[in-house]
Amino acid sequence: MAKDNAMEIDDQKIVSDQTNPNPKFSIHVLQLLKSAQMQHGLRFGDYTRYRRYCTARLRRLYKSLKFTHGRGKYTKRAIQPSMVTEVRFLHVVLYTSERAWSHAMEKRQLPDGPNARQRRYLIGRLRKAVKWATFFAELCAMKGDSRTSLEAEAYASYMKGNMLFEQDQNWDIALKSFKSARAVYEELGKYGDLENQVLCRERVEELEPSIRYCLHKIGESNLQASELLQIGEMEGPALDLFKAKLEAVMAEARSQQAASMTEFNWLGHSFPISNAKTRVSILKAQELEEDLHGPKRESVPAEKRLAIFDKIFTAYHEARSSIRNDLANAGNSENMKDDLSGLDKAIGALLGQRTIERNQLLVSIAKSKLNKSRDDKNDRATKPEELVRLYDLLLQNTADLSDLVSSGRDRKPEEVAFAEECEVKSSIFRAERCFYLAKSYSLAGKRTEAYSLYRRACSLADTALKRLQSLTTAEQDVLKDLKALYNESRSNSCIEHALGIMELEKAPENLSEKISTMSLTAKGTKPGNLLLEKLDAYESAVGDPNTRGAPRIETFPPAFQAFPRNPIVRDLAYDSIDFPTLEHRMKKDKKGLLSRFWG
């Protein structure tokens, strides 16, 4: 992509000197447009956003150039070659063409496709885009340098080819326009910086499918329908018209083929199909299923298969929507209601089957990343818990499908056999889930739980293997995988048993070794890590593998603690107080007669 400053008008350089009365401007047209398209919606095919950006861009250009069209009442002002005194006038013409083109592509992407009136409007916008692109090429021929002029000619040829491509006429002229644009971009891709060369090569690759399709339409190519579909899988804004045209051709072919589809067969039942839209949707889904179950299915990458599953789901959901609309409008006709209900049930069962297949594909992708390190293409390694979750989904999908098939009153032998297959699949998924659950416990170091789960997985795999062998439609690959699961569960259970015994034998030694490292305290011990502070918590002091240091019992010597004492009171005023005498209140001793002589 171009740098952000390539989007700024003021940064466009003028080749000649400012004093030159006839300056030659330089614009990297493809680089400028590609950057604008990728930054404003076309990375995700949002043409509405890009059209709004072009409108806002033109408004800023008009304002900065003071090239307004009156105030209040619109007064048209045309750009003349003599008025082009700076590069921004060329930008005005270029973005006007882009706005018309993006508006046409916006109409092309309507959900049900453009009707007759919208198609006329679409072609009118493309004509306008061709008109402004041609005018842009003429201005660049007069005001731009040779490279800018050449690139503008390629842009005008590309727009003209798009218009003829959409009109379904003059395929030879459209082919000539596309080839002219391709020749220019091939030549420009040989020069300039690396970014420009990459963009030119990408544009050449995007033009190639349109050229091949034009050759196919004029009878000069033996292009097959399968090759057209492969071309339609390419990405790029320049291919959107081609994809829309290809989809329209395929829809027309499906409509003609669907005219002969009068009924739908499923597990011994035949349901009539009267709605043409339902027939086309079912036929589209069946064509996509051939890519998944055909002879070339092994060569299809996993990401592409997931995208095909999404398209199949969309087609079947469209069919169910049409069926339910017909069911709502069926009135009081019981036979029609029964047929439509049965057809809806059949399509729902097919959706359930494809959902199971898609989840099985996700399981295979996750298994391929189970033992992968993080360094392999920066992919995150799969954890066993993720596989457990996927198998939970598969068990739920299988139960839903089994309930749907078993819901009828008059069941055909094919339905009974299909329900048995669902039960066998459920038992296989249950064994797989138990195995990976045991693996997750094993990685967590819980030997007892892992051993029990491995033994349970071994038992479930043995039961599923016996049930699968009783079926006549059992696939050899599934039998082989189930036997491998049984053997692996059995061997892992023995390993977990041995590891558990070894850990049990070493437990006293490890315990004594860890207890010997215990001490009262050490410097730097954080509060809350002492054993006497966690007496109310059920936590191992010596068996926790996550603890780095040896456990500490208590702080020694203990720290000083403040505790309350009785208060000491000293009366400082006692010595300074003059108390009154109380002798006159004291009791006096009475003396007798003899005491006087002996006193």
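These entries record what I looked up in the predicted model above.

**Ground rules.** I number residues from 1 along each chain as its sequence is written, and I leave hydrogens and water out, so that side-chain values rest on heavy atoms. Since the model is predicted, I take local features only at pLDDT of at least 70 and side-chain atom pairs only at pLDDT 80 or more, whereas totals for chains, interfaces and linings use all residues.

**Helix H3.** I take helices as DSSP runs (H or I, at least four residues), numbered from the N terminus. I then checked burial (buried is under 20% relative accessible area, exposed over 50%, partly exposed in between, with a 1.4 Å probe and protein chains only). I find 20 of the 22 residues of H3 buried, so the helix is largely enclosed by the rest of the structure.

**The second largest pocket.** A pocket here is an open set of points on a 1 Å grid over the protein atoms alone, where a 1.4 Å probe fits, with protein on both sides within 12 Å along at least five of seven lines; lining residues have an atom within 4 Å of a point. I note a volume, the space filled by probe spheres set on the points, of about 1,700 Å³ for the second largest pocket. Of its 42 lining residues, Gln360, Glu475, Asp477, Val478 and Asp481 are the closest to the centre. Helices H10, H11, H12, H13, H14 and H16 each give two or more residues to this lining, and H14 supplies the largest share, 11 residues. I count the lining as 23 nonpolar, 6 polar and 13 charged residues, with Asp, Glu, Lys and Arg taken as charged, Ala, Val, Leu, Ile, Met, Phe, Trp, Tyr, Cys and Pro as nonpolar, and the others, Gly among them, as polar.

I looked for aromatic pairs (ring centres of Phe, Tyr or Trp, the last by its six-membered ring, within 6.5 Å; planes under 30 degrees apart are stacked, over 60 edge-to-face, the rest tilted), and the structure holds 14 of them. Tyr391 belongs to H13 and Phe429 to H14, 38 residues apart. Tyr391 also pairs with Tyr436, here stacked, at 6.1 Å centre to centre and 15° between the planes. Tyr436 lies in H14, so this pair ties together parts 45 residues apart in sequence. Tyr391 is buried at 3% relative accessible area, and Phe429 is buried at 5%. I find that ring pairs link Tyr391, Phe429, Phe435, Tyr436 and Tyr454 into a cluster.

**Arg203.** I checked for a charge over a ring (NZ of Lys or CZ of Arg within 6 Å of the ring centre and within 35 degrees of the ring normal). The charged end of Arg203 sits over the ring of Tyr158, 5.0 Å from its centre, and Arg203 also lies over the face of Tyr185, at 5.8 Å from the ring centre.

**The loop between H5 and H6.** Most residues other than glycine have a negative phi. In this loop I looked up Asp168, whose phi is positive, near 60°, and Asn170, with a positive phi of about 55°. Asp168 is partly exposed at 41% relative accessibility, and Asn170 is partly exposed at 38%.
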